[in-house]
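Morning, everyone. Let me take you through one model, and please have the viewer open.

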Amino acid sequence: MRVDVVTIFPEYLAALDVSLIGKARRDGLLDIRIHDLREHTVDRHRTVDDTPYGGGAGMVMKPEPWALALEGIAVAGAEAAAPTAPQGARPVLLVPTPSGTLFQQAVAQELSTADHLVVACGRYEGIDERLFEWAGEHFDVRLVSLGDYVLNGGEVAALAMIEAIGRLVPGVVGNPESLVEESHSDGLLEYPVYTKPSSWRGREVPEVLLSGDHGRVAAWRHDQQLERTRARRPDLLPGDKTAPPLA
Ligand SMILES: COc1cccc(COC(=O)c2cn[nH]c2)c1
């Protein structure tokens with residue numbers, strides 16, 4: 001998968017050189033390229049923002065530098081896209097924004113199958129809306145929120161989304177088994193985990209986990225997932241949300 005990130009703070013994305021994502025880059029599984037939006041300005045002051053029409057506080061990002069940056073990527077990307085990419089498979093333009101649809105594991109799963117992801121990191125009060133209208137002609141535009149809170153810019157959200165998506169690309173995570181039993185992969189929260197020592201500061205590991213009875217362990221883990229999900233995220237449970245508390 002090719003991933004282009006456009007930002008006015010390229011150094012923010014240095015974290016993508018570390019750990020599993022960094023290794024996937026070095027192994028060629030993820031072709032991640034960071035672009036400085038200011039390289040695509042046309043004035044001496046390298047202006048990327050201006051005051052909002054209609055007034056109000058803050059600044060709005062100008063559409064032209066973004067269009068120039070994205071054109072450079074989309075055109076270049078078209079040549080460099082994986083030869084197996086189906087003709088006309090438009091790149092996904094992923095825009096982290098408080099006004100987007102909620103980013104969830106299902107979205108990460110879907111986007112992990114894309115050939116080309118372009119992530120636009122907005123700042124200030126946002127990007128001129130016409131940029132997204134223009135981009136819709138060349139990209140599959142996805143305005144996505146990490147959650148109901150506001151960050152100063154899209155970079156932190158981009159790191160989270162790229163990690164959530166990238167780790168699902170085949171080969172990035174060594175043992176794909178570890179992707180199966182994760183929180184949200186089966187719609188429930190993850191069960192509690194334990195490791196050595198079996199007795200720690202007077203606290204014991206649940207006996208069932210030491211029993212060697214895989215059937216009992218699996219049943220206990222599933223019960224724990226249900227209990228945790230009921231307690232912390234009843235919204236994830238299908239059907240009647242007011243299920244009576246566990247006995
Ligand atoms: C594209 O325009 C903007 C404007 C303002 C901030 C941001 C950064 O994203 C967030 O703040 C965010 C993402 N998910 N939850 C919060 C982008």
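In which helix does G166 lie? Helix α5, residues 155-166. Keep in mind that this is a predicted model.

Is G166 buried or exposed? G166 counts as buried, because its relative accessibility is 3% and the cut-off for buried is under 20%. Along the sequence, 152 residues separate G166 from A14. In space, their C-alpha atoms are 15 Å apart.

Let me step back to the whole chain. How many helices and strands are there? The protein chain has 7 helices and 9 strands. Its C-alpha atoms fill a box of roughly 70 × 45 × 40 Å along the principal axes. The chain runs to 247 residues, and 38% of them count as buried.

Next, the ligand. Where does it sit? The space it takes is the largest pocket. Around the ligand there are 15 residues. Which come nearest? Those are L146, G147, Y149, L151 and G153.

What is the make-up of that shell? It divides into 8 nonpolar residues, 7 polar ones and no charged ones. Which strand gives the most to the shell? Strand β5, residues 92-102, with 4 residues.

How much of the ligand does the protein bury? Taken alone, the ligand exposes 420 Å². The protein buries 96% of that.

On to the backbone geometry.

First spot, a peptide bond. The one from K196 to P197 is cis, with omega near 0°. Where is P197? P197 lies in the loop between α6, residues 177-180, and β8, residues 199-200.

S19 belongs to helix α1, residues 19-26. Buried or exposed? S19 counts as exposed, because its relative accessibility is 55% and the cut-off for exposed is over 50%.

R201 is placed in the loop between β8 and β9, residues 203-204. With a relative accessibility of 73%, R201 counts as exposed.

Which helix holds Q225? Helix α7, residues 214-232. Q225 is buried, and its relative accessible area is 8%. What does its side chain reach? The backbone oxygen of L189, at 3.2 Å.

To recap two points. The ligand takes up the space of the largest pocket, and its shell has no charged residues. Over to you for questions.

Definitions and conventions. Residues numbered from 1 in each chain as written. Predicted model: local features only at pLDDT ≥ 70, side-chain atom pairs only at ≥ 80, totals over all residues. Heavy atoms only, no water. Near = heavy atom within 4 Å. Areas by Shrake-Rupley, 256 points an atom, 1.4 Å probe, with all protein chains shown as cover. 1 Å grid on protein atoms, 1.4 Å probe; cavity = no way out; pocket = protein on both sides within 12 Å on 5 of 7 lines; lining within 4 Å. Sits in = over half its atoms within 2 Å of the grid points. Helix = DSSP H or I, 4+ residues; strand = E, 2+ residues; numbered from the N terminus. Nonpolar A, V, L, I, M, F, W, Y, C, P; charged D, E, K, R; others polar. Buried < 20%, exposed > 50% of the residue type's maximum accessible area, 1.4 Å probe, protein only. Polar contact = N/O pair within 3.5 Å; in protein donor to acceptor, adjacent residues only side chain to side chain.
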